[in-house]
Amino acid sequence: YSYPGNIRELENIIERALALSDSHRIDVEDINLPKNTPDHIVTSKVMTDKDTSLAEQERESIESALKKTRWNQAAAARLLGLTARQLRYRIKKLNIE
């Protein structure tokens with residue numbers, strides 16, 4: 001996959017993959033890149049749908065971790081393999097209350 005985005009987008013993809021992974025290892029399935037699609041054919045609609053789906057999955061993972069830890073953000077961050085700062089950013093970005 002020839003990554004067309006900037007470094008922050010790549011970082012977000014990797015962080016999402018880690019947050020959504022069931023283990024401490026990121027597998028190809030966790031990254032959710034387009035399969036068998038040439039880079040120049042990927043449309044913005046496809047990317048928008050994927051971003052929405054990833055955001056929904058990320059929200060569910062974060063909410064699940066927060067519920068498991070009784071809304072202890074530090075413990076939830078450890079559970080997700082994130083720093084507390086990264087988790088706070090995602091909670092704010094996804095408007096989780």
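**View 1. Five helices and zero strands make up the protein chain**. Read along the sequence, the pattern is α-α-α-α-α; helices are DSSP runs of H or I with at least four residues, strands are runs of E with at least two, and both are numbered from the N terminus. This is a predicted model, where local features need pLDDT of at least 70, side-chain atom pairs count only at pLDDT 80 or more, and totals for chains, interfaces and linings use all residues. Residues are numbered from 1 along each chain as its sequence is written, and side-chain values use heavy atoms, with hydrogens and water left out. Of the 97 residues, 26% count as buried (under 20% relative accessible area, with exposed being over 50% and partly exposed in between; 1.4 Å probe, protein chains only).

**View 2. Helix H4 spans residues 73-80**. Here you can pick out its buried residues, Ala 75, Ala 76, Ala 77 and Leu 80. Just past the helix, have a look at Gly 81, which takes a positive phi of about 75°.

**View 3. Helix H5 covers residues 84-93**. Leu 87, Arg 90 and Ile 91 are its buried residues. They lie on the same side of H5 because they cover an arc of only 100° around the axis (the arc of the directions from the helix axis to the C-beta atoms). Turned away from that buried side is the face with the exposed residues Arg 85 and Lys 92. Asn 95 follows H5, and its phi is positive, near 55°.
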